[in-house]
Amino acid sequence: MNDIDLTGAAADDEKDRNFITALARGLDLLRCFKMGEVALTNQDFAQRTGLPKPTVSRLTHTLCVLEYLILDARTGTYHLGPGVLKLGFGVLAGMDMGDRARDVMRALSRGPNTYITVALGERHQSDVVYVGVERSLENVSLSLSVGARLPVFHSAIGRAILVGMREDDRDAIFADAARDDKDGDTTRRREFATALAEYESVGYCSSWGEWRADVNGIAVPVQSLGGSRVFGLNVGGPSFHVKKKQLVGTYAKLLIDAAQSISARS
């Protein structure tokens, strides 16, 4: 997860009288935790959000009172609290798409290559969050579980979600990314144009070592709930066991059929 830039958001928020900036800042603090991190200080929060230290101190105090953060007084560090877990479980409980997709995903993961991992993800800001995973049974596999985050612009599953979105929604995502990283806008749009052309040509989006140098994967969009939400479904694995030739020649059709089956159940 990248550090959070509130400058662009603040400018837009001034135009929206219904937007509660204090609430947004509190949620941004919770987003500061990166994969594998268990503790952060007020200094960490201030550096990652750009907020003044006094503001951060008030926010962390409030989040501790509400049990979204827990303060370790000995070290002065904060840990995510049970309030965050309760919110997360509530969200996952409402994502019945993962339940409906489980059998289809399991069948896909039990195909000819035992190193394949199958995952279902949904976009959150500039990331894709896994809401369902069927992991390989092999010892050497992708160690990703529900809640794992991948970059929306540079992963196969992220590109598949972007392809499946309405154009105006997609444009808003690119505009948000450009506020944080203007210099990267041209590259992001060029890579998406390539992904869109690939999808229109072969029916899936790919990533051959682009997200991680040791991972190959392909993905397709999955429409849910009357088209109001777009998920991505991917198959992939370690590049030394999951080759491009097999993903394209064997798994692409299986993946497309699986996505159609899941969408039909929405």
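## Salt bridges overall

A salt bridge here is a side-chain nitrogen of Lys or Arg within 4 Å of a carboxyl oxygen of Asp or Glu. By that rule, the structure holds 14 of them.

One thing to keep in mind is that this is a predicted model, where local features need pLDDT of at least 70 and side-chain atom pairs count only at pLDDT 80 or more, while totals for chains, interfaces and linings use all residues. Residues are numbered from 1 along each chain as its sequence is written, and side-chain values use heavy atoms, with hydrogens and water left out.

## Asp 72 with Arg 74

Let's start with Asp 72 and Arg 74, whose side chains meet in a salt bridge at 3.3 Å, N to O. For burial, the cut-offs on relative accessible area are under 20% for buried, over 50% for exposed and in between for partly exposed (1.4 Å probe, protein chains only). Asp 72 comes out as buried at 17%, whereas Arg 74 is exposed at 76%.

Next up is Glu 134, which pairs with Arg 106 in a salt bridge whose closest N and O atoms are 3.5 Å apart. Glu 134 sits in strand β4 (residues 127-134) and Arg 106 in helix α6 (residues 96-109), so this pair ties together parts that are 28 residues apart in sequence. Helices (H or I, at least four residues) and strands (E, at least two) are DSSP runs, numbered from the N terminus.

Glu 134 is buried, with a relative accessible area of 10%, and Arg 106 is partly exposed at 34%. Asp 103 joins in too: Asp 103, Arg 106 and Glu 134 are linked in a network of salt bridges.

## Helices α8 and α9

Now for some helix packing. Helix α8 (residues 167-180) and helix α9 (residues 185-202) pack at about 150 degrees, their axes 10 Å apart. That makes α8 roughly antiparallel to α9 (the cut-off is an angle over 145 degrees, on a scale from 0 to 180 degrees between N-to-C directions, with axes fitted to C-alpha atoms over the stretch in contact).

On the α8 side, the contact (heavy atoms within 4.5 Å) is made by Arg 170, Phe 174, Ala 175, Ala 177 and Ala 178. From α9 come Asp 185, Arg 188, Arg 189 and Phe 192. By class, that gives five nonpolar, no polar and four charged residues.

Arg 188 also has a salt-bridge partner in Asp 181, with the closest N and O atoms 3.0 Å apart. Arg 188 is buried at 8% relative accessible area, while Asp 181 is partly exposed at 35%.

Note on methods:
Angles under 35 degrees count as roughly parallel, over 145 as roughly antiparallel, 65 to 115 as roughly perpendicular and the rest as oblique. Ala, Val, Leu, Ile, Met, Phe, Trp, Tyr, Cys and Pro count as nonpolar, Asp, Glu, Lys and Arg as charged, and the others, Gly among them, as polar.
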